[in-house]
Every structure is written in C-alpha cells, then in structure tokens.
Amino acid sequence: MASAQLGNSTMPCPYASTTFAASLPFSGPSPKPHPNSNSNPKSLKSLDQKQIISLLQRSKHINQDFQYTHNPNVYLYTALIDGFVSSGNYLEAIQLYSRMLHESILPDNYLMASILKACGSQLALREGREVHSRALKLGFSSNRLVRLRIMELYGKCGELGDARRVFEEMPEDVVASTVMISSYSDQGLVEEAGAVFSRVRRKDTVCWTAMIDGFVRNEETNRALEAFRGMQGENVRPNEFTIVCVLSACSQLGALEIGRWVHSYMRKFEIELNLFVGNALINMYSRCGSIDEAQTVFDEMKDRDVITYNTMISGLSMNGKSRQAIELPTNVTFVGVLNACSHGGLVDFGFKIFHSMARDYRVEPQIEHYGCMVDLLGRVGRLEEAYDLIRTMKMTPDHIMLGTLLSACKMHKNLELGEQVAKELEDRGQADSGTYVLLSHVYASSGKWKEAAQVRAKMKEAGMQKEPGCSSIEVNNEIHEFLLGDLRHPQKERIYEKLEELNRLLRLEGYHPEKEVVLQDIEDGEKEWALAMHSERLAICYGLISTEPCTMIRVMKNLRVCYDCHSAIKLIAKITRRKIVVRDRNRFHYFENGACSCGDYW
C-alpha cells in the first residue's frame with residue numbers, strides 16, 4: 001500500500017476560518033492558574049465518560065449550551081474535551097480548549113495530552129505547536145504522556161525532525177519507539193523505522209505489530225512475514241491487530257499456506273473470530289484463490305457487516321463464481337454485486353441491479369457504481385454505450401473509469417475511441433504511465449508501430465516508467481518472486497530448461513505466439529522469446545520443477561495476464577496435467593485440461 005501523505009508545516013489550518021476559532025486564539029489572555037489545576041486527574045473517574053460522549057454526540061449546540069455553565073473548572077473542561085476526543089470530534093475539542101484559555105483557566109498535564117492527541121488526529125500542526133509551547137512554559141513537557149503525544153503530533157503531521165528530537169530526549173521507552181516507528185512508516189520511510197525497531201531491546205506485541213504494519217502498508221510484504229517469524233522466535237504473543245496485518249501480507253503475496261498457518265494459530269490460542277479478524281481471513285482466502293475456505297469463515301462468523309458481505313461478494317466474483325456472488329443480499333452492497341456481474345458478463349442482470357438502486361432501495365448511484373457498469377459494458381465490447389454512459393453521468397468521471405474504458409478499447413482494438421479517451425485523460429491532467437502503456441498497446445495491436453513508438457517516447461520524456469510485471473509463487477512456505485526474464489533465482493538453469501521444454505511441447509499442441517502483444521518493433525523470434533519469459537511463466541516453471549506431480553500450482557501476478565500467456569497456460573495445464581491458478585490484477589484464472597474458468601473473458 002502506498003503510505004499516506006500527511007500535512008506539513010505550510011498546510012492551512014483546516015478550521016482557521018471558523019468564527020469561533022478566530023475569535024478565541026490560543027494566544028489569548030494569559031490564563032490564571034486554577035487552584036486545583038495540578039490535582040490528580042484520576043478524580044475524573046467519578047464522571048461517566050460514556051454518558052458524556054453520548055451527550056456530546058447527540059448535542060449539536062454544545063458550545064452554546066456550555067456558556068450558561070457558571071464557573072466551569074478544569075475538571076469539567078477536561079471531561080468534555082476528553083469526551084470529544086474519545087468520540088472523534090477533534091475540531092470541537094480544540095475549539096473548547098481555546099474557549100477554556102479565553103476563560104483564563106489553566107490546563108493540567110492530563111488535558112494537555114488529550115488536546116495534543118486532538119491536534120495530531122486533526123493534523124492541526126500550528127495549534128499543536130502552540131500547545132507544545134504552552135506545555136514547555138507550564139513545565140509539563142517532561143511528563144511522559146505529554147511527550148508521547150507531542151511525538152505523535154509531529155509524526156502524523158510529517159514533521160519527523162521535531163518528532164525525532166523529542167524522541168531522543170526521552171529515556172529508553174518501548175512505547176516512544178513504537179510511536180517513532182509508526183511515524184516513519186506513515187511517511188514511507190521503512191528503513192528509518194526499521195533502524196528504530198532494531199534498537200529496541202525489549203519489544204512488546206504493540207512494537208512488533210507497528211513494524212509489521214509498516215512493512216505491509218509500504219508493500220514490503222516479504223519483510224512483514226519475516227518480522228512475524230522473528231516475533232514468533234522471540235516468543236511474543238501476537239494480538240488480533242498483528243494477525244490482521246499478517247493476513248494482509250499473505251493476501252498481497254498470495255501466501256496461502258502461511259495464511260492457513262496463521263488461521264490455525266488463531267484457533268490454537270483462541271484468538272476471537274470477530275469482525276476485524278473474520279473480514280481479514282475472508283479477504284486472505286479469497287485473494288489466495290481458496291474461495292471455499294473463505295466461504296467457511298463467512299459461515300462461521302456470528303456477526304457480519306457491510307465489509308464482510310462486500311469482501312465475500314468480491315471474492316466470489318474474482319474466483320469465477322459470479323452467480324453465487326449475486327445471490328448474497330443485494331441491499332447490503334451494490335458495488336460487489338455489480339462487480340460480480342462484470343466478471344461474469346451478466347449485462348442484463350447488471351443493468352437490472354443498477355436501475356433498482358434508486359428505484360427500489362433509494363440509493364443514488366455513485367461514481368464507483370457507474371465505474372462497474374462501464375467495466376461491464378467494456379468487457380462485452382459495447383464501448384460506445386459505455387462512453388455514452390460516462391457522458392450522461394451527473395458527476396465527472398475519474399481516471400479509473402476512463403482508464404477502464406481505455407483498457408476495453410485495447411481489448412477490442414477500437415483505435416478511434418481509444419485515442420479519444422486517452423486525449424481526455426491528458427486534457428484532465430490524469431494521464432499516468434498506465435494511460436500511455438494502454439494507448440501504445442492500442443496502436444501496436446492495430447499495426448501502427450510508429451505511433452506506438454511515439455507514445456513510448458512521450459512517456460519517457462515525461463519521466464514515466466511502466467510498472468514492471470512481477471509474479472510470485474509459494475513453495476514450502478517460502479515466497480519466490482520473478483520478473484520478466486529474471487536470472488536471479490538460484491535454480492535459474494533448471495527453470496529455463498523447463499521453459500524450453502514447455503515451448504517445444506506447446507508448439508506440438510498447435511500453440512502460436514500472439515506476437516502483436518509485444519510493443520517493440522523487433523524480429524519475430526525475439527518476440528516469441530520475450531513472451532516466453534513473462535514472469536508468470538517463469539513462476540509456473542519453478543512450480544513444476546519444485547513440487548510433486550499433480551500438485552496444484554498457484555501464481556500471483558501484479559498486472560493483468562496477457563492474451564498470449566493466457567493461451568499458453570491453458571495448454572501448459574493440459575500438457576502437465578496440473579491445475580494452475582493465476583491471480584492477476586483483475587481476477588483469478590483456474591486453468592485445467594486446456595480451459596480457464598474465466599471462459600477467456602477477463
């Protein structure tokens with residue numbers, strides 16, 4: 001996953017223009033110390049926080065009501081602000097804190113920590129700095145909880161230098177290290193996070209989980225699994241958050257056996273199958289191609305939410321079970337059902353569902369629902385209808401929708417519409433490397449090599465690079481990754497021997513390489529070899545030489561499988577008498593005895 005891009009010191013305050021905040025600046029009159037301001041905050045336990053939060057969530061005029069309170073003290077302010085923070089109303093908490101300062105009431109360290117959390121969650125860097133400054137003046141900056149919240153504030157706002165300075169001033173503290181690890185991971189600085197992690201002498205569950213989560217969110221999934229193994233080696237018990245992070249890594253890598261082991265670990269140590277964990281398990285099994293196990297988890301779950309149904313529906317559709325997907329309740333999620341219709345080519349039923357949204361369920365279709373319909377029409381070749389649907393929408397199409405249509409133009413070799421869609425993406429400033437790659441494919445499939453070369457040159461001039469194809473296969477609980485023409489694997493000689501053997505057998509079966517999918521204007525022999533070395537074929541060859549006969553081979557690819565590889569793998573499954581499962585960017589392909597579950601429709 002791409003790391004989240006957070007705010008910085010130059011960002012405008014998200015609430016600076018509000019009348020209340022403007023009229024009650026943090027730098028207002030110097031507060032007079034409340035006689036009990038340094039009392040033990042534990043006295044707040046006499047207040048029922050749940051009742052306070054419930055009251056705050058129901059009240060729309062809390063600030064107006066609060067002004068009628070006579071002589072409010074720091075405890076009342078603290079209870080209300082803490083209630084706002086606990087319920088996620090961070091802006092209201094900051095506004096109420098500003099009001100407290102205006103009333104010349106001095107905060108205590110407990111309130112300081114609470115308001116710093118609000119500033120960090122709201123990415124309110126300017127206000128957070130002022131709270132930090134006040135904490136220094138009042139002598140609260142040495143308080144451990146206040147320091148942790150200051151670190152968290154700067155980390156969330158991307159001010160890692162400031163966060164680091166506070167961290168280095170603190171004594172060794174596993175919680176502080178965990179905050180620093182998460183701060184670096186949030187900004188995509190995995191190596192820096194790892195350096196902090198490696199210096200922690202006694203790592204607890206939360207620290208390990210933060211590092212694993214950082215790896216997963218920054219697409220370092222192999223390292224995430226290595227860290228999880230290290231956690232096991234240190235005899236640190238994972239919690240449900242750790243489990244979800246590891247399952248997410250397994251989902252991305254297609255590491256089914258490791259995912260199964262994690263599931264059995266959950267049973268052994270009686271980790272609850274709650275919504276959080278159950279949804280992650282369904283996603284893992286679905287994305288690893290074991291839809292029956294996903295269904296079993298779905299059936300075992302006592303509670304299900306929209307995410308549960310959406311994940312199950314998406315999993316069924318990805319795994320070629322579109323009709324089963326649409327049998328799940330359609331009033332729970334429409335995107336998943338429409339996506340299932342798209343994968344199954346169910347045009348009429350798709351339109352029936354789409355039109356029923358507003359008519360029967362009073363749900364106004366959003367851009368993601370229109371996107372599913374564009375995908376559905378594009379897959380079956382009704383490109384003009386898809387384009388008309390885009391032009392008649394109430395909202396502006398996004399780059400995902402237009403990219404979907406451009407991909408359909410490539411699939412059905414509609415050069416004219418492909419050029420039109422690509423131009424629209426360029427005019428909107430939404431063209432990326434995928435846009436140019438698809439357009440060059442459209443030209444190449446029409447034999448327009450000069451135009452294809454011009455598109456690639458334009459892409460190069462813009463500093464864009466095509467995402468490299470990468471395929472992985474799990475063998476004996478280890479993940480092996482391959483790129484196009486990869487020579488890094490220790491068994492590369494045996495892999496390429498198997499590849500040459502398969503190429504000979506494929507020709508005997510009547511296989512003819514689809515050389516038009518190779519964009520480069522090179523000799524036919526070079527094109528054939530370029531196709532044969534695609535990453536998924538190398539992964540399959542490794543699977544054939546390293547697993548027992550008749551064993552199912554599972555390969556995960558980050559890009560869409562090309563037509564030539566799709567045709568070749570169908571025959572490889574027939575020749576080797578193997579079941580071969582390939583998950584590409586769009587769906588699962590179950591190859592067996594010369595056929596594919598997608599019906600050559602993906």
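This is a predicted model: local features need pLDDT of at least 70, side-chain atom pairs count only at pLDDT 80 or more; totals for chains, interfaces and linings use all residues.
Start with helix α9, which covers residues 160-169. Which of its residues are buried? They are L160, D162, A163, R164, V166 and F167. An α-helix has 3.6 residues a turn, so residues three or four places apart point the same way.

Is D204 buried or partly exposed? Its relative accessible area is 30%, so D204 counts as partly exposed. Look past its neighbours within four places in sequence, and D204 is in contact with V174 and V236. D204 and M231 are 27 residues apart along the chain. Their C-alpha atoms are separated by 9.2 Å.

Next come two pairs of packed helices. Take α14 (residues 240-253) and α16 (residues 275-287). Their axes come within 9 Å and cross at roughly 15°. The two helices are therefore roughly parallel to each other. Their crossing is left-handed. On the α14 side, the contact is made by E240, F241, I243, V244, L247, C250 and S251. On the α16 side, the residues are F276, V277, A280, L281, N283, M284 and R287. Sort the residues of this contact by class, and you get ten nonpolar, two polar and two charged.

The other pair is α23 (residues 383-392) and α25 (residues 415-427). Here the axes are 12 Å apart, and the packing angle is about 25°. That angle makes α23 roughly parallel to α25. The crossing of α23 past α25 is left-handed. Which residues meet? From α23 come L383, E384 and Y387, and from α25 come L417, Q420 and E424. Three residues of this contact are nonpolar, one is polar and two are charged.

Turn to the cysteines. A disulfide is a covalent bond between the sulfur atoms of two cysteines. How many disulfides does the structure hold? The number is zero. To count as a disulfide, two cysteine sulfur atoms must be within 2.5 Å. For C119, the closest cysteine sulfur is in C157, 8.4 Å away, so the gap is too far for a bond. C119 is also buried, at 0% relative accessibility. For C562, the closest cysteine sulfur belongs to C565. That sulfur is 3.6 Å away, which is too far for a bond. C562 is buried as well, with a relative accessible area of 15%.

Finish with two asparagines in loops between strands. N477 sits in the loop between β1 (470-475) and β2 (478-483). Its phi is positive, at about 65°, although N477 is not a glycine. At 43% relative accessibility, N477 is partly exposed. N593 is found in the loop between β5 (588-592) and β6 (595-596). What is the phi of N593? The value is near 50°, which is positive in a residue other than glycine. N593 has a relative accessible area of 59%, so N593 counts as exposed.

Terms used. Residues are numbered from 1 along each chain as its sequence is written. Side-chain values use heavy atoms; hydrogens and water are left out. Axes are lines fitted to C-alpha atoms, for helices over the stretch in contact, and angles run from 0 to 180 degrees between N-to-C directions. Helices (H or I, at least four residues) and strands (E, at least two) are DSSP runs, numbered from the N terminus. Angles under 35 degrees count as roughly parallel, over 145 as roughly antiparallel, 65 to 115 as roughly perpendicular and the rest as oblique. A crossing is left-handed if the near helix is turned anticlockwise from the far one by less than a right angle, and right-handed if clockwise. Contact means heavy atoms within 4.5 Å. Ala, Val, Leu, Ile, Met, Phe, Trp, Tyr, Cys and Pro count as nonpolar, Asp, Glu, Lys and Arg as charged, and the others, Gly among them, as polar. Buried means under 20% relative accessible area, exposed over 50%, partly exposed in between (1.4 Å probe, protein chains only).
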